[in-house]
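Here are a few exercises to work through with the model open beside you. Try each task before you read its solution.

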Amino acid sequence: MQINPVIDLQHASFSYAGTTTPALRDITLTVLQGQICAVIGRAGAGKSTLCALVAGFIPHFFQGAISGSATVDSQNVFVRPISELVRHVALVGGNASGQLSGACDTVFEEVGFALQNLGVPRAEMIERIEWSLNALQITHLRDRSPYALSGGQQQRLVIAAALALRPPVLALDEPTAQLDPLAIEELSDLLRELAKNGTTMLIAEHRLEWVAALADSVSVIDAGQIVAEGPPREILTDPRLETLRIGRPRSVTMAQRAKDAGRWPADLALPITLEQLVDGIRGHSGSSTEAIHSPAARPLQTSNASNPILQIENIAYTYPSGVQALRGASLVVGRGERVALLGRNGAGKSTLVRHLNGLLRPSSGRVLVAGQDTSTTSVGRCARTVGIVFQDIRNQLFASTVRDELRFGPRNLGKSKSEIDTLVDRALAALDLTDAADSHPYDLAPARRRLVAIAAVLAMDTDVLVLDEPTAGLDNASIALLAQLVYDLSSRGKSAIVVSHDLDFCFETLDRIVLVRDGELTLDSPANMLDEAELAILHETIGLPFGLRAAQALALDASDPLNSVLLASAPEIAT
Amino acid sequence: MLSIYTIGTSSLHRLHPLTKLTGALLLILATYLTNWPLVPVLVFAILLIIARIAGVAQRLTGTVLRLILPVTFSLFLIQGILFPPIGATPLPLGPITLTYEGLLFAYLIAARLLVLSTTILLVLFTTHPSDLVFALTERGLPRSVGYILLVSLQIVPDMTARATAILDVQRSRGLATDGALGRVRAIIPLIGPLVVGALVDVEERAMAIESRAYTASGPKTSLRVLADSIAQHRARTVMLLGIAALIIWRIATAIEIRIV
């Protein structure tokens, strides 16, 4: 191990061309060989900029004013060309499809693209590609086109392509954004293994639980400045994270509630991982007689079967290509219900969503939207009842201001001008976008742009709001806004259906869990009433949320009041 | 990746791309440099037999007909009826008058086009685009040109997929696309995201390939290995000699005609 830091930033500052406020200010950061440094902060705080700087994308691709110094693997990143820096540092960004070469038609070749450019001998190239594919568990996709993959698979592909370069330094910008929970766990095992073998890493990430279990050090960035840094347990339990609206790992919130209930030792430091939480509670024989009240228990909306808004009756769907995506799915959604649609990539979730407003019509069975059969109703008609926010927001935004973007939907539905104004203002307020109403959507940070996409559908004031991966790339403060939005809709008798890999969000915000597997709905249950068998199915298919994993590790009895501490439905994030 | 390449293992598929390209060039020159009306027919027949053996005959004829028929029709219309060559022999046919020279001229152009398109398509049907580009870059085609060729193959399916997705998204927002007015009003919400997406793609792509060492100095290697053989090498030499002979013959006859 060398003593000199592998990543060494000294007083580095950067302002994007055409802006006055610096994106990074006076950053001094060192990471030793084989260490994993996590960078946390709100969306737009400068995490991505920092990753781009370490990889030399700044100043080589993004123009602007730069000062200070940055040395990575003994290379001065400010002056060395990218084509040379790639031998020293690899950057993996959150948007996987934008990182593909565009010239390879198999996954195998895509991973080898950079190796060919660097002149790696063929035999070694093949060996490295095989290793990378295997490490990311995508060997079975080797002959598939990189473009025919799901978001999560593409994400793994670009990580594999970066690892094939055997970079001494790896900069990862939200590497988990599109991954499902099991893949996220696998990724942290892999990264730990790489670090043990000497790879130095800088990881920008919102998922604090994931960071807590992985990082050797954590730096907190706010408005372009590092405001705190240190060992994960010290930083991630710091109450200042709440004031910075970054939030804290779920273990911290849960332990605090347990402490209030006398189930966590008063003198023990707060836990940042599941293991620490479980050990702390297990080791403490506090009295459990005190009644524990869940801090913000929300009334469970029960399925209003007599007045359903959506009825899916045994539908099957086969794509023209012959792929059978749905095989006999039935689901009834009542008014005011909050439904989570879970499942691994390719399980049929997206196909099911496209049936909810008639974009796809079932090969057999039928879908009723507010009583109307979608096979005889136009999409435009269904859109009055069901609003869908799709995952790729680039396909949606076109207007020159946020406000115009929001007006588009309700205007299509033929609402009056005054009604549109009211709806738009309400949607802007709900997603904290009022100050950005006159901005161009593309001038906003990517996370806020996603909120614009959601607000634009929200403004249509439909009875059902469907959100496809709404939390991807959002920081915890924005996720809390989203949770609030779902509650508000529900209390007004409107239903929400959320397709997501973010199990914690789903279990804390939604009240009904539906699992899609191989084109069938294999599980459909209220979120707080899953039995052992159902939990086992969930566990093996997509994993379990943090609270349930803790409850399981503690082998809690169903009557134990601690359950309500671990499984409370409200995310507690200062907004 | 969209390309018209049809997966297969026939002997034509397995030939080195350069062998196929040389053969194609020879056949195309043979039809264009000779004036005998039967040559294109013969060459076309040979191509069909080869396509049959390679298992792409049906797709090939289908594609060729779709390409060629409209062109042929307009050729006969223009050359045969509307603009006959000066001093042509008239061939009255009911209310319209065709000319012998006009028809012959239209036939030759159409037949040559038929051979040209069939030959090129047959090569593309049976050669993986990456193999083709790799074979050419090995022989001196700039890598950047090769990259652009491969990327442009991907653009069409990419744009199609995105256009479909955009249509889904905006219809879900209540956009009506039926009726003349509806279509006009749909243009901006549909084209806007497509154009912005394409621009963002270009920027991202530039960063992506650079960060993946596309411009790194030093020798390059390749994952692809093209099978070649002494027999194919000899065949290419013979075909190149044939091409040279054809060109010399054509120049010689041209001079002869002028002298006479």
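**Exercise 1.** At what angle do helix H17 (residues 446-458) of chain A and helix H18 (residues 476-491) of chain A pack, and how far apart are their axes?

*Solution.* A word on conventions before we start: this is a predicted model, in which local features need pLDDT of at least 70 and side-chain atom pairs count only at pLDDT 80 or more, while totals for chains, interfaces and linings use all residues. Residues are numbered from 1 along each chain as its sequence is written, chains are lettered from A and ligands numbered from 1 in the order in which they are written, and side-chain values use heavy atoms, with hydrogens and water left out.

Step 1: the packing angle is about 10°, and the axes lie 12 Å apart. Axes here are lines fitted to C-alpha atoms, for helices over the stretch in contact, and angles run from 0 to 180 degrees between N-to-C directions. Helices (H or I, at least four residues) and strands (E, at least two) are DSSP runs, numbered from the N terminus.

Step 2: H17(A) is therefore roughly parallel to H18(A), as angles under 35 degrees count as roughly parallel, over 145 as roughly antiparallel, 65 to 115 as roughly perpendicular and the rest as oblique.

Step 3: from H17(A), A:Leu451, A:Ile454 and A:Leu458 meet A:Ser478, A:Leu481, A:Leu482, A:Leu485 and A:Leu489 of H18(A), where contact means heavy atoms within 4.5 Å. Seven of the residues in this contact are nonpolar, one is polar and none is charged. (Ala, Val, Leu, Ile, Met, Phe, Trp, Tyr, Cys and Pro count as nonpolar, Asp, Glu, Lys and Arg as charged, and the others, Gly among them, as polar.)

**Exercise 2.** Find how helix H2 (residues 17-33) of chain B is placed against helix H5 (residues 100-126) of chain B.

*Solution.* Step 1: the two axes come within 9 Å and cross at roughly 175°. That crossing makes H2(B) roughly antiparallel to H5(B).

Step 1: among the residues that H2(B) brings to the contact are B:Leu21, B:Leu27 and B:Ile28, and those from H5(B) include B:Leu113, B:Leu116 and B:Ile120. The contact divides into 10 nonpolar, three polar and two charged residues.

**Exercise 3.** Describe the contact between chain A and chain B.

*Solution.* Step 1: chain A gives 59 residues and chain B gives 49 residues.

Step 1: about 4,500 Å² is buried between the chains, with carbon and sulfur atoms giving 56%. Buried area is the accessible area (1.4 Å probe) that two parts lose on being put together, summed over both. A:Asn117, A:Arg394 and A:Asn395 supply 15% of what chain A buries against chain B, more than any other three residues.

Step 2: the model scores ipTM 0.85 and pTM 0.86.

**Exercise 4.** Which stretches of chain A have a pLDDT below 50?

Step 1: the pLDDT is below 50 over residues 287-301 of chain A. It is also under 50 over residues 570-575 of chain A.

Step 2: where pLDDT is low, the predicted coordinates should not be read in detail.

Methods: pLDDT is the predictor's confidence in each residue, from 0 to 100.
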